[in-house]
Amino acid sequence: MKRVTGIGNALTDMLVNLKTDSVLERFDLPKGSMNLVDNRLQTEISKSVAGLPYSLSLGGSAGNTIRAMAQLGCKVGFIGKVGPDTTGDFFVQALENLKVAPTVFRGKERSGKCVSLISPDGERTMVTHLGAALELSAEEIEPAVFESYDCLYMEGYLVQNHALIRKAAETAKACGLKVALDLASFNIVAENLEFLRKLVTDCVDIVFANEDEAKAFTCEAEPLNALQMISGMCELAVVKIGIRGALIKQGDEVVHVGIMAAAKRVDTTGAGDFYAAGFLAGLCDGLSLRQCGTIGAITAGKVIEVVGTTFGDDAWKDIYRLVNKVKTEKYLF
């Protein structure tokens, strides 16, 4: 597995630093959840946090993973849909600047946006209006989009369109690709449980889940039991268990990898996406499960030290230094 393409909602992120969680209570938003809303509600929520510090960056779960993989030197592409606007132009150009091969379609609606509400403890709650991203259809997924790739990485948020995510997975498998899926959010899993279980059983080789997502997917409260159940449906299962690290299982091999302690936990936005990026980058280099998990821990540990998912050159240099140590097995958790 050397070349990975991702498919997901092409979004721009608006990252807002909250002083309290009162806005979550006011709009009945479960802390740490992802919520699909219409343009009116997203605008109302945005107005309620006007005046608070915020920043803008490229977003989308699969997009975050693929861009981080590009930074790690992997050959990657991205499939998505944006609007006929300057935000869409910006999204495509940014991918090209990072050497991500874009297969980006143009829709009729405005480009999608995710308002990420960051609580004082760093936890993020997402309010997403998909806009043009929602227009990506199963009919647009043809074998040609998978040419020259070995793996398709899918974000679970695409489950709002069952036909699309199944067509992508089935077409990729028919083209000889491995299929990886991140379960994305516990509430999304709960709302689409039977569909996701069948999708994983039929089409998916690699599953990423955090503890809450794994519990929702398997109805098992104990992470190790959840790992065992997921691994019975696919080739490789990864269950992230917060500050305790991650559990990884492939065949009969089970590995527990710890975390890289962050200097300061500022914002958890993108932590799971960057974990997947580091892990998949390790697989692309043919590394062991422990090495893959350690690289995932490094990239996840770094992203929570900043607001959003954009690093400076110094942070990336530190990541490269640590990854090189992992490759020589001098730095393992």
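Reader: Which residue in S13 is the bridge partner of Ala237?

Author: It is Lys249. Please keep in mind that this is a predicted model, where local features need pLDDT of at least 70 and side-chain atom pairs count only at pLDDT 80 or more, while totals for chains, interfaces and linings use all residues. Residues are numbered from 1 along each chain as its sequence is written, and side-chain values use heavy atoms, with hydrogens and water left out.

Reader: What makes S12 and S13 strands, and how many bridges join them?

Author: Strands are DSSP runs of E with at least two residues, helices are runs of H or I with at least four, and both are numbered from the N terminus. S12 covers residues 236–240 and S13 residues 246–250; five bridges join them, and they run antiparallel. Two strands pair if DSSP finds at least two bridges between them, so five are enough.

Reader: Which strands form the edges of the nine-stranded open sheet?

Author: Its order is S6-S5-S1-S9-S10-S11-S12-S13-S14, with mixed pairing. S6 (101–106) and S14 (253–257) are the edges, as each pairs on one side only. Ignoring direction, neighbouring strands are turned by 15 degrees against each other on average.

Reader: Which strands does helix H11 lie across?

Author: Helix H11 (residues 289–303) lies across S12, S13 and S14, at about 30 degrees to S14. Contact here means heavy atoms within 4.5 Å. The angle is taken between N-to-C directions, from 0 to 180 degrees, with axes fitted to C-alpha atoms, for helices over the stretch in contact.

Reader: How do the strands of the five-stranded open sheet follow one another, and what is the pairing called?

Author: The order is S3-S8-S7-S2-S4 and the pairing is mixed. S3 (34–36) and S4 are its edge strands. S3 and S8 (residues 124–129) run parallel and are joined by three bridges; Met34 stands opposite Met126 in S8.

Reader: Why is the pair of Phe78 and Phe91 called tilted?

Author: Rings of Phe, Tyr and Trp (its six-membered ring) pair if their centres lie within 6.5 Å; planes under 30 degrees apart count as stacked, over 60 as edge-to-face and the rest as tilted. By this rule there are seven aromatic pairs. The centres of Phe78 and Phe91 are 5.8 Å apart and their planes stand at 50 degrees, so this pair is tilted. Phe78 lies in strand S5 (residues 75–82) and Phe91 in helix H4, so the pair ties together parts 13 residues apart in sequence.

Reader: What lines the second largest pocket?

Author: A pocket is an open set of points on a 1 Å grid over the protein atoms alone, where a 1.4 Å probe fits, with protein on both sides within 12 Å along at least five of seven lines; lining residues have an atom within 4 Å of a point. Here 14 residues qualify, with Arg67, Gln71, Leu98, Thr309 and Thr310 nearest the centre. Helix H3 supplies the largest share, four residues.
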